[in-house]
Structures are given as structure tokens and as C-alpha cells.
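I opened my notebook for a friendly look around this one. Here is what I looked up, entry by entry.

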Amino acid sequence: MKKLARQQVFRDPLYGYIHVDYVIIKKLINSFCFQRLRRIKQLSGVYMVFHCAEHSRFQHSLGVYEVANRFLSVPELKSELNEREQLLFLSAALLHDIGHGAYSHAFEDVFLVNHEKIGASIIVKNEEIRSILDEVDKNFASDVSSVIAKDGKFPLIETLISSQLDVDRLDYLARDAYYTGTTYGRIDFERIVRVLRIKDSKVVFKSSGIHAIENYLISRYHMYWQVYYHPTARAYEVVLEKIYQRIRDLINENYQFNENIEYLKNIMEDPTDITSYLEIDDNYINSLIARFTKTKDEVLRNLSIDFLNRHIWEYLDDNEENKEQIAKIKNKLSKYYYSSRTVEQNTYKVDGKKFGLEIDILLENGDIQTLTEFSSVINSLATGGFKKDPKFFYKNEK
């Protein structure tokens, strides 16, 4: 667990500086797999609505690492984890999104891959990443992979990385709000860190920080509906999904592509092909789509032109009132020119059976209550703060 002779930093608009102390953290940042994240947008098609949202998974991953670093300033947490476990926490935070594909979730939906499973696999199978982590010890890579895969081997660290209130969400809400220019994701990060405690090897938050936690959850809810689930961004991503689907169908039909689709074809045949997966980023997909605007296949050509030139599809609420109109549109259009998509979100979802899906509050007398027990605001939102939005997207051929 060798440290750098001198701490290195990255300038960051949220934290001022991102601090790097360990040699392996620097090596991980400089690795091919991590640098690839520079070429994957954090918010996929959202930048078509919020034009400044061009930030990358690389920026976010560095931010999550720094949030983890600052969590370790909490004495109780630092004393709960030995140095190897602290480095495990930092490494898992840094690498938590290492498995994301091009344009993030749109790629996963069509090619049936899961970025967390792919990420866990990359950590143990990629020679460069594995050799860096092996510098700690021969089990370190598998332990980092275990945290990403949520195997339950390191429950405290897993909670810190992925739960209702974790280092991942704290960064992406604030970072996405910053780059989209919205105010919904602004949270009192410093206050949340100050009230974080460890009791019986579990993460808890002092009751004095309840307002910061309530604000965080409400901000998260608004960010989903105002930014992540914006219907225009969803409409744009539907076009990308249809491009992927058309490519898949053409491959199955033995269509002779003039473009190099080898990596996509390999992933279709074997979703665990990490070598091909790591070659696919936003730049690769964008270059393919640019060439597809000249392809002989009319469907793929039209879809690519729509995607490249921001021809946003129309949309209707997918409900009983529009059922007849939607049926008419479906009868008129090819299957590649329409799609039904539903998103849903809770302000605070409680599921006591699932690990990490409840925020625990530490009372002044030392007792612990769940957030829904302690906060009447969140209790009300947990039972009534559910929203679903089914939309029907279609290409308007007027």
C-alpha cells in the first residue's frame, strides 16, 4: 500500500481538488480502462436537452472517489476500517462505473449486458487493472470486484458505495445539477459527512442532520423527473435503441455492412467478451452512426440521420385516452419508428428485505430509528411519493 512521495490533485468544480495519495490509485486512473470513461457521457442523451451536460463517466468516477476520500475524514469510519479496507473502499469507489458501455443504459437495454457485472469482471480479468490491484495483494482485485458485485463480503463498504445515501449518488446528483444548470440536485454534502457515524459496523446518520438528508432525497426525486427522465432526452435515446436493434437484426440477416461493426457483433454473440466491450465507447458509436447516414439500408439510414441531427421524435402519454391514436400510429409505421417506454420513481423506497435500502438515524440517546420512523416528511413521501410516466414515442413522418 505504497503512497506517493507527494500528494497529487485534480482540479474539480465541485470539490476544488480531488486528492490522490496512493500509488495504485494513480495507476488505476492512468489505465486504459479508466481513461476510456472520458469517452462515455455521464448522462447519455440528456445533453440534447441540457446543452452543457457533456461531462463524462471519468469525471463522475473521480468525484465518487473524492467523496469516499472525504468520508474517511470521519474518525469513526476511519477507525472501523484498517488501511487495506480503506484502500479497498477508495478503489471500489473509483472503479464503480468501469463497466459502463457507450451511451450508458441504452446500450445495456439492447445488448443485454449489466455494467456492474461487466465492471466486476473487468476488475479481475483485465490484465492491466488486475496487475495494478495485485500490487496490494493477490486477493485485492477479487475483493474490489466483490464490492462492485455486492456479494456481501464487505457489507459496510458496499453500503458506502451503493445504498440509499452513498458516495455514488452524492456525486452524481451534485455534478449533474452543476452541468445541466439546474438547482434541484444541490445538496448539503458537508453536513451529511459531518453527521455520518458508524454504530455496530453499520452506517448511521445523526438526527441533527435530518434536514440535509430530507433535502437530499427530495432533490434526488426532482432530478429524476426534471433531468434524467426528461421526455425529450428519452425520445432521443429511443432513436439510439432503435439503431442498436436495427444493427442486431441486420447482423442476424447477414447484411453486408461497409462499416466495421466487429465489436458490436462480438458482444451480440458473447456479452462477456470484455476485449470487444472495452473498445466500444461513445466515439466509436458516433463514428458508426455518422457512416450509417450513407448506408444502403433505409431504416438504419433514417434512424442515423435522426440521431445525428437531433430530429426528436414525438411522444404521447401512453394511456387509455390515447389508445386509439397510438394504435393508428402503430399500424402506419414500421416497428423501428415507435416505442413504448415507462419510467417510475419513488421519493424514498423502503424495502426492509433488501440490504442498504433504509437510512438509519442515530438518536441523541444512542438508539437507532429508520428514516421513515424518524421523519414525518419522508414517511409521507415514502407512502405517497411514487410516480409513473408511460410514454409512446414515434417518428413523425409528416
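**Entry 1: a histidine in a loop**

I found His 100 in the loop between helix H5 (83–95) and helix H6 (105–111); helices here are DSSP runs of H or I with at least four residues, strands are E runs of at least two, and both are numbered from the N terminus. This is a predicted model, where local features need pLDDT of at least 70, side-chain atom pairs count only at pLDDT 80 or more, and totals for chains, interfaces and linings use all residues. Residues are numbered from 1 along each chain as its sequence is written, and side-chain values use heavy atoms, with hydrogens and water left out.

Is His 100 buried or exposed? I read a relative accessible area of 1%, so His 100 is buried (under 20%; exposed is over 50%, partly exposed in between, 1.4 Å probe, protein chains only). Leaving aside neighbours within four places in sequence, I listed the contacts of His 100 (heavy atoms within 4.5 Å), among them Arg 36, Arg 57, Glu 108 and Tyr 277.

**Entry 2: the core**

I looked at the largest nonpolar core, with 140 residues (buried Ala, Val, Leu, Ile, Met, Phe, Trp, Tyr and Cys joined through side-chain atoms within 4.5 Å). Phe 71, Phe 89 and Phe 205 are among the residues that touch the most other members. Beyond four places in sequence, Phe 71 is in contact with residues including Leu 77, Phe 89 and Leu 196.

**Entry 3: the sheet**

I traced an open sheet of 4 strands, ordered E3-E4-E7-E8 with mixed pairing (strands pair if DSSP finds at least two bridges between them). Strand E3 (196–199) and strand E8 (368–370) are the edges, each pairing on one side only. Phe 205 stands opposite Ile 361 in E7.
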